[in-house]
Amino acid sequence: VQGDIVIWDLATFPPRILRSSRGNNSAVVQLHWSFDSSQVVSLNDYGAITLWSLGNTISIPYEVKSFEPLEVNIGFKPSALIPLLTLERRDFLFTKGPFSDSRDLSSEVTAVAFHPSATLLGRQAFLMVGFSNGNILKLRFNKMVSIMSFPQVQPANGITHKIGKDVDAELFKEHCHKIVLITFVNNISPMVTVDEKGFINIWEYSSECLTGFGWFVPSTKYRLNMVEMTYEPVLGTQEKVEFTDEVKGPKHKHHHLR
């Protein structure tokens, strides 16, 4: 809750902390690993996301508030998680492209996940970010990585969109409520998103799903009934048979449904 991130090595005994970062008194509400376990993305309760690297780093000069008591000092010092990119709420406003005129496209971040597209070495370069207003952004945080498994969809009218810190962004627009889940079928495609009102959208990343307005729309839409219906007996009333499996007539036998 204080914002520390602690990565433990459970292959040794006693377990030891491999990497850690000191928080800023902002609770971590989501944490996701990249496919190759080289990066972690976190979301805090202020709606800021941070991309962390687990690369070899120097020993950290501070102690984190670990949630388990450690055994005696075994002469091992953990290293620091290195922040590669931090995006706060103001950074999610569009700064380039037609969307830069709209201020209602950004709101508080409520969900984050790595996009499964990857290089031959398993490196990922995209994040999916969901917002409280239902919008979803696909952000390219690593411009140096060449994406191999998913071809890029050419933007409508050839216009690219950027948000703060010069990050390329693509807009997925259909939900109208807080995004609570972003995931992928078999960790590949398509993307499945769920909002707090029970709407479930399935997205195919293709030019057929890119509208002339410049955003992507889902290929399939569902909704779960979020209300549980219960029935209680009413006192003082007479029972009435609405259905019976009894078949009347001299040549018919009784049939029972099982």
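Me: Which residue forms a salt bridge with Lys162, their closest N and O atoms being 2.4 Å apart?

Reply: The structure is a predicted model, in which local features need pLDDT of at least 70 and side-chain atom pairs count only at pLDDT 80 or more, while totals for chains, interfaces and linings use all residues. Residues are numbered from 1 along each chain as its sequence is written, and side-chain values use heavy atoms, with hydrogens and water left out. A salt bridge is taken as a side-chain nitrogen of Lys or Arg within 4 Å of a carboxyl oxygen of Asp or Glu. With the closest N and O atoms 2.4 Å apart, the salt-bridge partner of Lys162 is Asp168.

Me: Is Lys162 buried or exposed?

Reply: Buried means under 20% relative accessible area, exposed means over 50%, and partly exposed lies in between (1.4 Å probe, protein chains only). Asp168, at 25% relative accessibility, counts as partly exposed. Lys162 has a relative accessibility of 12%, so Lys162 counts as buried.

Me: Which residue is linked with Lys162 and Asp168 in a network of salt bridges?

Reply: Side chains of opposite charge can pair when their charged atoms come close. Lys162 and Asp168 belong to a network of salt bridges that also includes Asp166.

Me: How many residues apart are Asp36 and Arg123?

Reply: Strands (E, at least two residues) and helices (H or I, at least four) are DSSP runs, numbered from the N terminus. Asp36 and Arg123 form a salt bridge with their closest N and O atoms 2.9 Å apart; Asp36 is partly exposed at 28% relative accessibility, and Arg123 is partly exposed at 44%. Asp36 is in the loop between strand E3 (28-33) and E4, whereas Arg123 is in the loop between E9 and E10. This pair links distant parts of the chain, and the separation is 87 residues.

Me: In which strand is the salt-bridge partner of Glu174 found?

Reply: Glu174 forms a salt bridge with Lys221, the closest N and O atoms being 3.3 Å apart. Glu174 is partly exposed at 30% relative accessibility, whereas Lys221 is exposed at 53%. Glu174 lies in the loop between E13 and E14, and Lys221 lies in strand E17.

Me: How many disulfides does the rule count?

Reply: A disulfide is a covalent bond between the sulfur atoms of two cysteines; here the rule asks for a pair of cysteine sulfur atoms within 2.5 Å. Cys176 is exposed at 61% relative accessibility, and Cys209 is buried at 9%. The number of disulfides is zero.

Me: How many residues does the largest nonpolar core have?

Reply: A nonpolar core is a set of buried Ala, Val, Leu, Ile, Met, Phe, Trp, Tyr and Cys residues joined through side-chain atoms within 4.5 Å. Among the residues with the most contacts inside the largest core are Ile49, Phe92 and Val129. Phe92 touches residues including Ile49, Val129, Leu137 and Ile163, contact meaning heavy atoms within 4.5 Å and residues up to four places away in sequence being left out. The size of this core is 22 residues.

Me: Which residue of E13 is the bridge partner of Leu137?

Reply: Six strands form another open sheet, in the order E8-E12-E13-E11-E10-E9. Within this sheet, five bridges join E11 to E13, which run antiparallel. The bridge partner of Leu137 in E13 is Leu171.

Terms used. Pairing = 2+ DSSP bridges.
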